[in-house]
Every structure is written in structure tokens, then in C-alpha cells.
Amino acid sequence: MASSTAYEAGRSLEGGDFKSGLLRHGHSHGHGHGRTAHNMSSSSLRKKSDMTLVSKVPLGFLRSLLANLQEIFLGTKLFVLFPAVPLAIAAQYFHFGRAWVFALSLLGLTPLAERVSFLTEQIAHYTGPTVGGLLNATCGNATELIIAIFALYEGKIEVVKLSLVGSVLSNLLLVLGTSLLCGGIANLRKEQLYDRKQADANSGLLMLAALCHLLPLGLRYAISSGERAVTKVPILDLSRACSFVMLFAYIAFLFFQLKTHRQLFESQEEDVDNDDVTSEEEPGIGFPSALAWLVGMTIVIAILSEYIVGTIEDASESWGISVSFISIILLPIVGNAAEHAGAVIFAFKNKLDITLGVSLGSATQVAMFVVPLSVLVAWIMGVDMDLDFKLLETGSLILSILVTTFTLQDGTSHYLKGVVLLLCYFVIGACFFVLKTPPNQTNGINSGLLSTKSGAVVA
């Protein structure tokens, strides 16, 4: 890796671009703060704050406070959505329409998720690459995890399952499909190439996730076919065992990504524009401030997540849309809108390695970390959540993983691949749009197929 970076720096010097070569060389050794594709994707929505007025404040403490506030709230292009946060809280407090509470809470999560990504990157500047990478891996999908925990507390297991499946589907089909389509159209006369190595690593983990979802489903159908009469306990036991396996595989992937094979994932950063490099070389805020803001943002996300979970049925009834469609389509799209937009922007710039790092990386994180962790957290809470996500959801998940894997197998891209992935997503979305799930079925596990009262499986 050192020889390749020296070659890149020398090539830039030969071309007369002394500053560019120096920046590229320095950046290859300077991203020890743990930048990932997720961070770089979100950074495309950030903007530099004008500190002219703040610098004229006489008191040092007040000047530092105002600069901090400006960096947090005005350092993103999504700052226009921040008013949705207090409006959602006010709507809940003054008992406005619960559908309004749901919509405002959903909108408020968008800038908060982007700011969490920004704050984790700021903290990673001070903690080193390993801790920074672990922090990014943990907080990368904090919104989904927090919503899942509140939904489990409310007993809405189907909402948890649908939202997590929807997050994987949106990353694999919607985000990647839109990126390949837009990137292909914007670069019609250029050959679009990407590194297959990181794509293969993520695809392998996604196939393992597909297997862990397929086995409990197959076991349930094997039992319900009449081969043997047993209770639902083996499905729960199998799901929990598979969850431990998935978490172990994800930890191994983090060790692979952050330690033994970092060069496979660092190569995607070498082509980032020099403006992005210089803007991210120095942290914008101090470590104590970043940590305090991260805790505060997480608390606000938790509050809005509680509002979303508590009002989802009311929004479904008010809008005439099924809970299934809201959970599997709307929640993942809005919750990760900032990250998804960044992936599309980098595809426009023909930087597909970053786009793949965002879409595949986020899908892998949800499938191999958030899903099994939700199963184990539910176990601790005394909630019987398994990995049997029903036939329709599991089939959609497995086929999406297969289609994506086949799409990325040759290391090149064009707009037709994006069209295929988007059409797959639209068909799945249409299926869940016409599927009307009664509200009372959002609180149970596989209603109508497993009887929890008798403890026996009912066909």
C-alpha cells in the first residue's frame, strides 16, 4: 500500500500538480481517524459555515459556543429540516393529529441521522482508526436500531421485522439502483469500473444472512407440514443461535476491514476530490463537544423514534396506507435519506467504490448487526422475536441479495443495471402496497401460523 501511495504522489508531481500529489499522499496516511464510505457519503451534504460574524464576538466562551452551534446546525445542507424536530415535539405535546406527529418525526430524523454520522467522524479524529471504525460501525445505523428497540418495547415485532428488511432492500435495490442509473447516464462515454473485492466481501456476508433467515422459515414449514408435532421453541432457539453466528461473522468482518485487509476499503478514498480531503483533515469541533452532542442527538432520535412507533398505526389509518408499506418502504427511505443522497452524488462523479461502500456496507450492517442484535435484545426483554420474517419478506430479501450479487459480479457498471434493480424495488413496493395488514397483526409473531397460547404449531 505504501508503494502504491508513493507512486500516486509521484505521478501527481510529474503532472505538475504539486499540491494535489501532496494531498493525495498525505490523505492516504491521514485517514487514521477512521473515515468510511458512510462518512464520505454524508460529507457530500455538508457545507462550510461562515464564521465571519461569530469571530467578531468579544467573549471567548460565547464565541466558542456560537461557533459550535453554527457548525452543528448550519454545517449541513439539510438544516432546513431541523425545525421538524421541535414541531414534532410540539405536535405530540399539544395533541395535534397523530399522523402529523408521525410525519414530522420522520422528517426530523433525516438531519439528525446525518449529524450523528458527522459527530462520529469528529470523535474518530481523536480516537484513532480502530476505535473510530468501530464507532462508525456501531452508529452507522443507529436510527434503525433505536426504532427497533422502541418497537420491541411496544410489542410491535412485525414493525421491527418489516423496517429492518426494508432497510436492506432500500440499500440494495433503491440506493444502488438509483446510483447505477444516474451514474451510468451521467458517464455514458466513460467506462465505469469498481473494485470487486469489497463488493465480494459484503455479498458473502449478505448470503450468510439470507441463509440464517431461510432456515427458520424452512423449519416452520417443515413442522407445519405434519412431519412432526413440536412447539415454536426450536424456531426461537435456532434464530437465537443464528443471531450469535451472524454477530460473530460481523465482528470477523470488522477485523477484516479495520485490521488485516484495510487496503481493500481504503482504496475507495484515494479518488475523493481534494476539496473533500482538505475539509476533513482537521476536526471541526473538540472531542468533549462532539461526545456531548452525540449523546444529545441520540436522545432526540430516541424521542422521535418513540413518537414514530406510537403513531404508525394512526398514520396508516389516516393516509389509507398499510402498516406493512410504511414500515418496509417509507421508514428506511426517510431515515437514511442523507446517506442515500450522498451515494447517488458520488455515482454522478463516477466514484462507484464509495457508492458501493455505502449501499452494500449499510445493507450488511443492518443484516448482520442490527437484525441479530434486535433478536438478542428482544430475548433479554422477554419478547419472542425470531428470524422467521414470513415467506413474502424472506423471499424478497433473498432474491434482492441474489439479484444484487449477480449485478455486481463483473466489476463494471452501466445504467441498465440500475434500471433492473429499481424495477425490482418498485415491484416489491407495489406488493406491500396492496398488502393490507390488519393493525392487530403488527403485535404478534407470524399471526395465524403460530399459536403462542397453546404452544403448538398450527398450520
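1. **How to read the model.** Since this is a predicted model, local features need pLDDT of at least 70 and side-chain atom pairs count only at pLDDT 80 or more, while totals for chains, interfaces and linings use all residues. Residues are numbered from 1 along each chain as its sequence is written, and side-chain values use heavy atoms, with hydrogens and water left out.

2. **Overall make-up.** The protein has 19 helices and two strands. Both are DSSP runs numbered from the N terminus: helices are H or I with at least four residues, and strands are E with at least two. Of the 459 residues, 54% are buried. Here buried means under 20% relative accessible area, exposed means over 50%, and partly exposed lies in between, using a 1.4 Å probe and protein chains only.

3. **Surface and contacts.** The accessible surface is about 19,700 Å², and carbon and sulfur atoms account for 68% of that. The areas come from the Shrake-Rupley method with a 1.4 Å probe; for residues, only the protein chains shown count as cover. If you take contacts between residues at least 6 apart in sequence, 84% join residues at least 24 apart. A contact means heavy atoms within 4.5 Å.

4. **H6 against H15.** Helix H6 (residues 98–127) and helix H15 (residues 323–335) have axes that come within 8 Å and cross at roughly 40°. H6 is therefore oblique to H15. On the H6 side the contact is made by Phe102, Leu106, Leu107, Thr110 and Ala113, and on the H15 side by Ile326, Leu330, Leu331, Val334 and Gly335. Sorted by class, these are eight nonpolar, two polar and no charged residues. For reference, axes are lines fitted to C-alpha atoms, for helices over the stretch in contact, and angles run from 0 to 180 degrees between N-to-C directions. Angles under 35 degrees count as roughly parallel, over 145 as roughly antiparallel, 65 to 115 as roughly perpendicular, and the rest as oblique. In the class count, Ala, Val, Leu, Ile, Met, Phe, Trp, Tyr, Cys and Pro are nonpolar, Asp, Glu, Lys and Arg are charged, and the others, Gly among them, are polar.

5. **H9 against H15.** H15 also packs with H9, at an angle of about 50° and with the axes 7 Å apart. That makes H9 oblique to H15, and the crossing is right-handed. In a right-handed crossing the near helix is turned clockwise from the far one by less than a right angle, and in a left-handed one anticlockwise. From H9, Val159, Leu162, Ser163, Val165, Gly166, Ser167, Leu169, Ser170 and Leu174 meet Val323, Ser324, Ser327, Ile328, Leu331, Pro332 and Ile333 of H15. The class count for H9 with H15 is 10 nonpolar, six polar and no charged residues.

6. **H9 against H16.** Helix H9 (residues 157–186) packs with H16 at an angle of about 30°, their axes being 7 Å apart. H9 is thus roughly parallel to H16, and the two helices cross in a right-handed sense. Among the H9 residues in this contact are Ser170, Asn171 and Val175, and H16 brings residues including Glu339, His340 and Ala343. The contact of H9 with H16 has seven nonpolar, six polar and one charged residue.

7. **Two loop residues with positive phi.** His95 is not a glycine, yet its phi is positive, about 60°. His95 lies in the loop between helix H5 (84–93) and H6, and is exposed at 68% relative accessibility. Asn350, also not a glycine, has a positive phi of about 65°. Asn350 sits in the loop between helix H16 (337–348) and helix H17 (352–381) and is partly exposed, at 23%.

8. **Ser305, a buried helix residue.** Ser305 belongs to helix H14 (residues 287–319) and is buried, with a relative accessible area of 0%. Its C-alpha atom is 8.3 Å from that of Leu109, 196 residues away along the chain. Beyond its neighbours within four places in sequence, Ser305 contacts Leu109, Ile146, Ile147 and Phe150.

9. Leu435 is in the segment after helix H19 (415–434) and is partly exposed at 32% relative accessibility. Setting aside neighbours within four places in sequence, Leu435 is in contact with Ser322, Ser324 and Leu392.
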